[in-house]
Amino acid sequence: MLVPKSLPRFTAAAVQAAPVYLDTDATVDKAVALIAEAAHNGASLVVFPEVFVPGYPYWNWTMNPVQGSPWFERLYRAAVDIPGPHVDTLRDAARRHHVVLVIGVNERSPHSFGTLYNSIITIGPTGDVLGVHRKLVPTWAEKLTWSGGDGSGLRVHETPVGPLGALACGENTNTLARFTLLAQGELVHAATYIALPVAPTDYDMSEAIAVRAAAHSFEGKVFSVVACSSLTPDIVDTVAGDDPRIRALFDRPCSALSGIFGPDGRPVTDPLVDDEGIVYGRIDLARCLQPKQMHDITGHYNRFDVFRLHVDNRPHTPLTFHERVSRPAEQLPADSEKEEA
């Protein structure tokens, strides 16, 4: 457990970048280069966007399910296995640059052909996979691509940068999921997002991200490192093609925001909107201490005799075998009975 005199101070990096769309090898190579860049600039924690490897299924929002089905197959073939060679490459990059790495991927199910998860991998500075969190509830049109995860990934990891938890995109509005992390002692929260220009016209994605990050940081008195993907002309060309209606959607500004927010809910540095880049911010976990004297919602500012949260943190699998129990000897027919039969 952290004590006040040992609370870390470090630089965090929130990566706002676009994948090399649906090209897993090239996207992982890009991630490795960005990890090296962030580490060179002093970052000890590097956070990448939601499903950065190898991209987000925008066709769910712009096509009907029949039109989008071939795209689902393309994404499935490009998704990663955990464990697997692409994850090994990311582990090696974290180890070589001695950073804590949080990155979103499309994960193939090890149990069922054709099932995908929106997953966040947390990797320690020694290259060990600390945890994998599968998005609990895919948001809206995302249900056409991803299955829901379980509670086994709702964990806070002890890392050199402090107790670290992570949630994907809309999960950062899920009060109970956020409380589950805070109640485990989370002080650094990684929030991964995707650029969403295809949202309803009255929805400002960059504003929505900032509101969510500020809320979690202020409520929990924690730091939030927010990493959102960005768009490139290649992604627009791939998904929109010659359809002017879809191209008009992708031209919308304010569809992405990345930044770092402090325990008072304010950004510690100017966020980055839409453009590719890396946002750096200094984090001093000692700043989480005094605000908790006023509102510690997982401690003295709660009533655990009134409120109680139960979390099923068991991994859910499609099949459970029970050990075969031999029939007791006294229930077996006697030899004479066998002969008579």
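## A first tour of the chain

Start by selecting R91 and D88: because they sit 3 residues apart in helix α4 (residues 85-97), about one helical turn separates them. Helices here are DSSP runs of H or I with at least four residues, strands are runs of E with at least two, and both are numbered from the N terminus. What you have open is a predicted model, in which local features need pLDDT of at least 70 and side-chain atom pairs count only at pLDDT 80 or more, while totals for chains, interfaces and linings use all residues. Residues are numbered from 1 along each chain as its sequence is written, and side-chain values use heavy atoms, with hydrogens and water left out.

**Stop 1: salt bridges**

Stay with R91 and D88 and show their side chains. The two form a salt bridge, with the closest N and O atoms 3.3 Å apart. The term stands for a side-chain nitrogen of Lys or Arg within 4 Å of a carboxyl oxygen of Asp or Glu. Are these two residues buried or exposed? R91 is partly exposed at 31% relative accessibility, and D88 is partly exposed at 40%. Buried means under 20% relative accessible area, exposed over 50%, and partly exposed in between (1.4 Å probe, protein chains only).

Next, select R266 and D264, another salt bridge with its closest N and O atoms 3.3 Å apart. R266 is exposed at 56%, and D264 is partly exposed at 31%. Then pick D296 with K292, where the closest N and O atoms of the salt bridge are 3.7 Å apart; D296 is buried, at 16% relative accessible area. To see a network of salt bridges, select E50, K135 and E142 together. How many salt bridges are there by this rule? The count comes to 18.

**Stop 2: the whole chain**

Zoom out and switch to a cartoon view. The C-alpha atoms fill a box of roughly 90 × 60 × 40 Å along the principal axes. Of the 341 residues, 50% are buried. Among contacts (heavy atoms within 4.5 Å) between residues at least 6 apart in sequence, 72% join residues at least 24 apart.

**Stop 3: the largest core**

Select Y56, Y58, Y193 and L196. These residues touch the most other members of the largest nonpolar core, which has 39 residues. Such a core is a set of buried Ala, Val, Leu, Ile, Met, Phe, Trp, Tyr and Cys residues joined through side-chain atoms within 4.5 Å. Elements giving two or more residues to this core include α3 (65-78), β8 (188-193) and α6 (205-220). A second, separate core has 27 residues, among them A17, L34, V46 and L90.

Beyond residues up to four places away in sequence, Y193 touches residues including P49, E50, M205, I209 and R212. A191 lies in strand β8 and is buried at 3% relative accessibility. Leaving aside neighbours within four places in sequence, A191 is in contact with L167, N172, V225, V226 and A227.

**Stop 4: aromatic rings**

Return to Y56 and Y58. Y56 is buried, at 3% relative accessible area, and Y58 is buried too, at 2%. Their ring centres are 4.9 Å apart and their planes meet at 65 degrees, so the pair is edge-to-face. Rings of Phe, Tyr and Trp (its six-membered ring) pair if their centres lie within 6.5 Å; planes under 30 degrees apart count as stacked, over 60 as edge-to-face and the rest as tilted.

Move on to W59 in helix α2, buried at 1% relative accessible area. Apart from residues up to four places away in sequence, W59 touches Y21, L22, G68, W71, F72, L75, T145 and V239.

**Stop 5: T180 and its neighbours**

Finish with T180 in helix α5 (residues 175-182). T180 is buried at 10% relative accessibility, and beyond its neighbours within four places in sequence, T180 is in contact with L154, L309 and V311. V311 is found in the loop between α9 (289-294) and α10 (335-340) and is partly exposed at 37%.
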